[in-house]
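Student: Could you take me on a close look at a single part of this model, with the cut-offs spelled out as you go?

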Amino acid sequence: MLDIQFIRDNAELVQEKSKQKGYDIDVQQLLGFDKSRRELLQQVEDLRHRRNELSESTKGQRPSDTQIAEGKAVRDQLTDLEHQLHAVEEEFFVLLKAVPNMPLDTVPVGATEEENVVTKVVGEPPHFEFEPKNHAQIAEAKGWLDKERAAKIAGARFVYTKGDLVRLEFALWQFGMDVLGNEEILQQIAKDNDLTVSTKPFIPVLPPAVAKKSVFEATGRLNREEQTYKIEDEDLWLNASAEHTISPMYLNEVLLEAELPIRYVGYTTAFRRESGTYGKDTEGIFRLHQFNKLEMESFTTAETSLDEHLFMVAIQEYLMAQLGLPYHVLEKCTADIGRPNAKGVDIEAWLPGQNAYRETHTADYITDYQARAMKTRVRRQDGTVELVHTNDATVFSQRPLIAILENNQQQDGSILVPEVLRPYMGGREVI
């Protein structure tokens, strides 16, 4: 969440930037509750001080009738004010958490994802001498997808994936893990992109797939209506991506500056409601309620976090280039970057089955927005304590599998395996 002092000092700016991101908030209402909260807090602290004074003055002796009467009056008044403060604080924090992170001035202002800006195009869409199929047609013909039986078990938008498609998916995860764990490759990526960043490798992690409501809210990622499933009768929500339970890993902790950057590459099965999805997005494995992801997450200082974001995007581009897939890079507009983001980048791969570029990767520049609510801080070398910055970005989801099937399909129905994945597929060139 944002610093309330920043909101007090920049009320009009916060109102305007929030509107640019599509959030209908009322900054003046928030500041009204902020004023009431501070006034009540001062009154409560004054009464607690008076209560302590009275207690101290009667220590070791019987209190007078006057002292007893004042003590009761203070106690009653304090109880009343504490109840008022609790009620005001609840409203205050609901309104504060609703305020989105402020987009950087470089983020394009737009009302829909149609106003995202293409900043780079890499590779050419393939030309086929035959009518190309979409990934669902390819996979179903090979017996790699079974949605009918999955529907009997879990309902629509779930799937059994089988055979070589499963092997290809595990090859993708292993390739991504090997790249992010190889400091020489990371050094080369930083050099090729003129980035002066640490090249410390990413540490593999398997995070919990659920989080408590308060933790999920602290990350700014809990979207009950559109995205997130709740476990009935439990204070637990299913994660919708690996970073949702990696970013709060250091909840209420103070890290040492010498430890940063802390980088993780985390794998999890994720769950999303995906309400409002229709058409081609429901075919095959494009947009399921359950899917798998490998995700980057890092904790840095404030002055290194933007370069860390750019480094993650460079890693994503390296991975796509190694797979030989045509893609373009998008600078996401204000309406599409999401509540906790100050900036966002998407990579979209060319999908012949849709005759369009579609999202395979996203990279989120979060600044200290999550860390403030999570109370994740860093003790600098000079002893000062400040909030860390967080970044996250996709390594791979299952979407690149779609791009591989559709771009690498052959006339005989086989699929050319990308060279970098063949070592993980027993050396097989086609499947």
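Tutor: Let's start with the contacts of Met312: leaving out residues up to four places away in sequence, Met312 touches Phe202, Met296, Glu297, Ser298, Asn391, Asp392 and Ala393, where contact means heavy atoms within 4.5 Å. This is a predicted model, in which local features need pLDDT of at least 70 and side-chain atom pairs count only at pLDDT 80 or more, while totals for chains, interfaces and linings use all residues. Residues are numbered from 1 along each chain as its sequence is written, and side-chain values use heavy atoms, with hydrogens and water left out.

Met312 counts as buried because its relative accessibility is 0%; buried means under 20% relative accessible area, exposed over 50% and partly exposed in between, with a 1.4 Å probe and protein chains only. Along the chain, Leu104 is 208 residues from Met312, and their C-alpha atoms are separated by 18 Å.

Met312 sits in helix H11, helices being DSSP runs of H or I with at least four residues, numbered from the N terminus. Helix H11 (residues 305-323) also has a partner: its axis and that of helix H8 (residues 183-192) come within 10 Å and cross at roughly 110°. Such axes are lines fitted to C-alpha atoms over the stretch in contact, with angles running from 0 to 180 degrees between N-to-C directions. H8 and H11 are therefore roughly perpendicular to each other, the class for 65 to 115 degrees.

On the H8 side, Ile185, Leu186, Ile189 and Ala190 meet Phe311, Ala314, Ile315 and Tyr318 of H11. The residues of this contact divide into eight nonpolar, no polar and no charged; Ala, Val, Leu, Ile, Met, Phe, Trp, Tyr, Cys and Pro count as nonpolar, Asp, Glu, Lys and Arg as charged, and the others, Gly among them, as polar.

Methods. Helices (H or I, at least four residues) and strands (E, at least two) are DSSP runs, numbered from the N terminus. Angles under 35 degrees count as roughly parallel, over 145 as roughly antiparallel, 65 to 115 as roughly perpendicular and the rest as oblique.
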